[in-house]
Amino acid sequence: MGGLFLYTTLERKVKIKTIEVERIALGVVNQKLVLSNLSYNATEETLQEVFEKATFIKVTQSQNGKSKGYAFVEFASFKDAKEALNSCNKKEIEGRAISLELQGPRGSPNARSQPSKTLFVKGLSEDTTKEILKESFDGSVHARIVTDQQTGSSKEFGFVDFNSEEDAKAAKEALEDGEIDGNKVTLDWAKPKGESGFGGQGGGRGGFAG
C-alpha cells in the first residue's frame, strides 16, 4: 500500500512538473502579481515585508515621483505567486485593502492569448486623452483611459474597442511597437468591455475616462 501511495505521489509530481514545463514553453507562466488600490504612502520596503518571497517589487510612480496607487510584485516561481495571491488578496496595507491578480502572459493584466474586440494599451502619457487614444487606432469605436479614483489622474493605460476582431487585429498590427503622444506603447488583447475582468467596467482598480 505504501509503495502504491509513493508511486501515485510521484506520478502526480511528474504531471505537475510536465504542466509547468509546457506552460513555460508556451510563455504563459505568470510569476508576477499586479497590485492595485495601493495606499500612496506604501513603499517598496513596506511591500517587501508583506511579500517575503518576492524577488522584485516595483511601485509605479508618476514623473513627479508620486505613487500611482499600484505596483508589480515578482516571484521566483508561479507557485510562490499563486500562494501570495491566495493569502494576501484584499489584505489591508497602510489603511487600504489591496487587490491582487496574476499579470497576463505578455505583460498586461488579464492578457488573452486569443484576439478579442478590445485592445489593452499600456505606456500612455499622463496627458493622453481618450480622444487621442481613439484617433490613434483606425476603425476603433470607443476608447477609455483608466484613472485614479481619488485624483482623477491617468494611470497611463487604457482600452480601445472595435466592432470586430478583424478590425482590432489590423489596428494592433499597424501600431505594434508604435508611439502615442511621443510614448512607446505596449499592446495586448483584453476582455471586451462588459465582460468580467480587467477590461470591463469597474473592478475596484480605478475609474475610466470615457
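## A walk from a loop into the core

The loop between β4 and β5 (96-97) is where you will find E94. Keep in mind as you look that this is a predicted model. E94 has a positive phi of about 55°, although it is not a glycine. Is E94 buried, partly exposed or exposed? Its relative accessibility is 45%, so E94 counts as partly exposed.

K90 sits in the loop between α3 and β4 (92-93). Its phi is near 75°, a positive value in a residue other than glycine. K90 counts as exposed because its relative accessibility is 54%, and the cut-off for that class is over 50%. K90 follows α3, and that helix will come back later in our walk.

Let us step back for the whole chain. It holds 5 helices and 13 strands. Of its 210 residues, 42% count as buried. If you take the contacts between residues at least 6 apart in sequence, 64% of them join residues at least 24 apart. The chain exposes about 11600 Å², and carbon and sulfur atoms supply 49% of that area.

Now for the sheet. In what order do the 4 strands of the open sheet lie? The order is β2-β3-β1-β6, with antiparallel pairing. At the edges are β2 (54-61) and β6 (99-102), each of which pairs on one side only. From one strand to the next, the twist averages 20°. Helix α3 (residues 78-88) packs on this sheet and touches β1, β3 and β6. The direction of α3 makes about 155° with that of β6.

On one side, β1 (residues 32-36) is joined to β3 (residues 67-75) by 4 bridges, and the two strands run antiparallel. Within that pairing, V34 stands opposite F72, while L35 has A71 as its bridge partner. Strand β2 is also joined to β3, by 6 bridges, and again the strands run antiparallel. Here V59 has A71 as its bridge partner in β3. How much of β3 is covered? Mostly covered is the answer: 8 of its 9 residues are buried.

Back to α3, this time to see which way its residues point. The buried ones are D80, A81, A84, L85 and C88. They cover an arc of only 140° around the axis, so they lie on the same side of α3. What do these buried residues pack against? Their packing partners are β1, α2 (44-50), β3 and β6. On the face turned away from the buried side, α3 carries the exposed residues K79, N86 and S87.

The largest nonpolar core has 20 residues, and L35, L47 and F51 touch the most other members. Elements giving two or more residues to this core are β1, β2, β3, α3 and β6. Of these, α3 gives the most, with 4 residues. There is also a second, separate core of 16 residues, which includes L119, L124, I180 and W189.

Leaving aside its neighbours within four places in sequence, L47 is in contact with L35, L38, I57, V59, A71 and I93. Among these contacts are L35 and A71, which are themselves bridge partners.

Our last stop is Q48, in helix α2. Q48 counts as partly exposed because its relative accessibility is 33%. Not counting residues up to four places away in sequence, Q48 touches A54 and I57. I57 is also in contact with L47. Finally, Q48 and V73 are 25 residues apart in sequence, and their C-alpha atoms are 9.0 Å apart in space.

How values were computed. Residues numbered from 1 in each chain as written. Predicted model: local features only at pLDDT ≥ 70, side-chain atom pairs only at ≥ 80, totals over all residues. Heavy atoms only, no water. Pairing = 2+ DSSP bridges. Axes fitted to C-alpha atoms, helices over the stretch in contact; angles between N-to-C directions. Contact = heavy atoms within 4.5 Å. Core = buried A, V, L, I, M, F, W, Y, C linked by side-chain atoms within 4.5 Å. Buried < 20%, exposed > 50% of the residue type's maximum accessible area, 1.4 Å probe, protein only. Arc of directions from axis to C-beta. Areas by Shrake-Rupley, 256 points an atom, 1.4 Å probe, with all protein chains shown as cover.
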